[in-house]
Structures are given as C-alpha cells and as structure tokens.
Amino acid sequence: MSDREEFARTLLLTASDVAALLDLPTCLAAIADVLHRHAAGETVPPRVLGLRAAEGGLHVKGAGLLGAEPRLAVKLNANFPANPQRFGLPTIQGVLVLFDGANGRPLAVLDSMMITALRTAATSALAARYLARPDAATLTICGCGRQGAIHAHALCIELPIARVLLWDSDPGRADRLADELAPELSGVELRRVDDLGEALAETDVCATCTPARSFFIRAEDVRPGTFIAAVGADDQGKQELDPRLVARATLVVDSLAQCVEIGELQHAIAQSLIAPDQVHAELGDIVSGVRPGRKAKEEITIFDSTGTALQDLAAAIAVEQRARAVGAGTVIDLGA
C-alpha cells in the first residue's frame with residue numbers, strides 16, 4: 001500500500017490506543033502550540049452545541065487548525081451522571097473525529113474519554129505553569145475519580161508537589177485513590193482529608209473535578225497565594241466555587257464565550273459580582289505573552305476550565321501522528 005493510500009484510510013483508535021500513544025507532557029506541549037497558533041489567528045475558533053436528554057445530554061465541540069496541513073476536529077461526548085449507579089457505565093462516553101482540513105477526509109476516529117481526561121489535566125498543568133506559585137508544594141484534589149487522578153499526575157509533573165490531599169464526598173473513593181497513586185507518585189505524601197476547609201488552609205494548588213451543582217469551595221477558606229483549577233463546571237448549572245471567590249480572584253478562562261455560559265463565571269455574572277470584561281485573560285493570551293500570568297505571591301488565581309475543542313484538536317493531532325508513525329490502531333475504510 002502506498003503512503004497516499006495509507007493516509008487516505010481512517011484510523012480507529014481505542015482508549016487503550018490513546019493511552020499508549022499520548023502522555024501528559026506531549027499533550028501539554030501540543031495544547032500550548034495550538035494556543036500559540038490560536039492567538040496568531042491560525043485556527044478555526046472553537047464552537048459548542050449542547051443537546052439535552054432526560055438523564056443527561058450530548059456536548060458537541062469543534063475547532064480547526066489552518067496552515068499547510070489544515071485539520072478539523074469534532075468531539076461528541078455523552079454525559080449521563082447516573083450511569084455508574086444505574087448501568088455500570090462511565091458517566092462520559094463518546095468519540096472524537098479528526099478530519100483533513102483540505103479535503104474533509106476522516107483521518108481518525110478516537111475514543112474521547114481518554115482524550116478528554118488527558119487534555120483537561122494537561123491544560124490545567126499548563127495554566128498552573130503561569131498561574132501557580134513556582135514553589136507550590138501542597139495540592140488538594142476535590143473529586144477522586146479518573147479526572148482527579150490524572151490531575152494529580154499532571155500537577156505533580158509541572159510543580160514541586162510534596163503532598164497531595166484527597167477529598168471526596170465519598171471518603172472511600174479518596175482512600176482508594178490514595179492507594180492507587182502511592183506507587184506512581186513516589187516520594188509524595190498522599191492523605192485523605194475529611195474537612196475541606198482545614199485542607200484549604202494549607203493548600204497551594206487545588207483542582208476541583210466533581211459534577212457538583214452547588215459550590216463547596218467557600219471564599220473564606222481559600223488562603224492568599226492559592227491557584228485553583230476549576231474543572232467541574234462545564235455545563236449550565238454546574239458549580240464548585242463560591243461566586244464571591246470567582247469575583248475577587250484573578251480569573252483566567254479557557255474560552256470567555258464558553259465560560260460566560262457554562263463555567264464558574266456564569267454564576268458570578270448571574271449575581272452581578274463580575275462582568276465579562278473584568279476577566280483577566282483567556283489562557284491562550286497568557287501562553288502567547290499577550291497578557292501576564294501571576295503577578296504577586298499573595299494573589300489568588302483561578303483557571304475556569306470548561307474544556308475547548310482546541311484542546312481536543314491538539315491531542316487528536318498528536319495521537320494520530322504518533323499512531324501512523326508506529327503503525328498503531330486499526331485501519332478502517334468508511335467508504336467501503
């Protein structure tokens with residue numbers, strides 16, 4: 001088969017394929033590159049479509065990359081929170097399709113769960129590079145599922161974390177995650193915490209990775225100098241942070257248009273505590289040097305992370321390129 005024939009076919013890449021082909025440092029570098037290109041006007045800006053169902057719904061996110069090798073990516077994620085209890089299925093399931101932007105050829109169909117988990121944590125780590133104190137040593141993870149676990153890995157790679165505090169509404173999940181992480185985060189203290197307020201009093205970095213619909217991080221509990229990666233609020237009504245905290249912190253968003261509608265920002269705006277033009281920056285503006293990151297040691301910084309298709313695009317390109325280089329995945333012919 002010629003190279004042209006091979007690239008004309010579509011790769012099918014499962015979650016295990018993605019996990020084998022994409023690590024956190026590679027994902028972080030790919031996202032940083034795409035954000036640079038977005039700031040330079042070299043992307044098709046991200047778009048979002050939401051579809052509701054009785055027990056959940058679909059998010060459809062798309063974006064593109066211009067230039068000599070244009071690419072388009074669309075991710076379809078189903079989010080059904082009751083799945084684990086009712087059906088023994090993951091809350092989030094879906095697919096991501098990467099297209100050749102020159103001719104519309106589907107280059108790859110990828111499992112979206114692993115892509116979503118890796119790119120979300122990698123983006124939080126990228127935000128931490130600019131918004132956390134460089135000497136940050138204590139990390140608190142709120143929500144001890146898959147996203148919490150990957151965030152622990154990503155933030156320990158990016159920062160000199162010596163201690164990870166684990167909090168969950170189900171204490172057993174925190175204990176299980178501590179056991180899971182122990183052999184992987186050598187030399188890092190891992191401890192379940194039951195009183196989140198006490199934990200935040202000694203926290204330098206906090207990642208919130210829950211499906212909460214009312215805030216549990218109170219403004220008065222967050223100490224000066226803290227960086228928070230707020231990951232859970234990615235739909236209307238979802239909330240993890242006190243709106244007073246969002247309004248008083250230096251707020252950086254992944255996408256202003258998205259965060260106004262579905263991020264932590266939606267609640268602060270609804271209470272007239274902040275206006276969209278008071279948001280410090282989008283992350284891409286900071287990565288590209290258009291806006292500064294952290295400016296003071298005592299500053300509280302928040303990254304409002306709703307997840308954008310640019311992140312999915314960057315991760316998908318990295319996976320597809322690596323898969324073709326090593327011969328991974330299953331080649332399918334959608335036109336057969």
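**A helix and its surroundings**

Mentor: Of the 18 residues of H13, 14 are buried, so this helix is largely enclosed by the rest of the structure; buried here means under 20% relative accessible area, exposed over 50%, and partly exposed in between, with a 1.4 Å probe and protein chains only. The model is a predicted one, in which local features need pLDDT of at least 70 and side-chain atom pairs count only at pLDDT 80 or more, while totals for chains, interfaces and linings use all residues. Residues are numbered from 1 along each chain as its sequence is written, and side-chain values use heavy atoms, with hydrogens and water left out. Helices (H or I, at least four residues) and strands (E, at least two) are DSSP runs numbered from the N terminus.

From its first C-alpha to its last, H13 reaches 26 Å, close to the 26 Å expected at 1.5 Å a residue, where the expected span is 1.5 Å times one less than the number of residues. Just after H13, Gly327 takes a positive phi of about 75 degrees.

H13 (309-326) is also among the elements that cover the buried residues of H3, together with strand S2 (43-52), H5, H6 and helix H12 (283-287). The residues of H3 that are buried are Leu24, Cys27, Leu28, Ala30, Ile31, Ala32, Val34 and Leu35. An α-helix has 3.6 residues a turn, so residues three or four places apart point the same way. The end C-alpha atoms of H3 (residues 24-39) are 22 Å apart, which agrees with the 22 Å that its 16 residues should span at 1.5 Å a residue.

Two of the covering elements, H5 (residues 112-131) and H6 (residues 146-158), pack at an angle of about 40 degrees with their axes 9 Å apart; axes are lines fitted to C-alpha atoms, for helices over the stretch in contact, and angles run from 0 to 180 degrees between N-to-C directions. The residues in contact (heavy atoms within 4.5 Å) include Met113, Ala117, Ala121 and Arg129 of H5, and Arg146, Ile150, Ala154 and Glu158 of H6. By type, the contact divides into 10 nonpolar, 5 polar and 3 charged residues, with Ala, Val, Leu, Ile, Met, Phe, Trp, Tyr, Cys and Pro counted as nonpolar, Asp, Glu, Lys and Arg as charged, and the others, Gly among them, as polar.

The largest nonpolar core has 75 residues, and those with the most contacts inside it are Leu110 and Phe227; such a core is a set of buried Ala, Val, Leu, Ile, Met, Phe, Trp, Tyr and Cys residues joined through side-chain atoms within 4.5 Å. H5 supplies the largest share of this core, 11 residues. Leaving aside neighbours within four places in sequence, Leu110 is in contact with Leu13, Val18, Gly94, Val95, Leu96, Ile115, Ala316 and Val319. Apart from this core lies another, of 26 residues, including Leu165, Val193, Ile217 and Val222.
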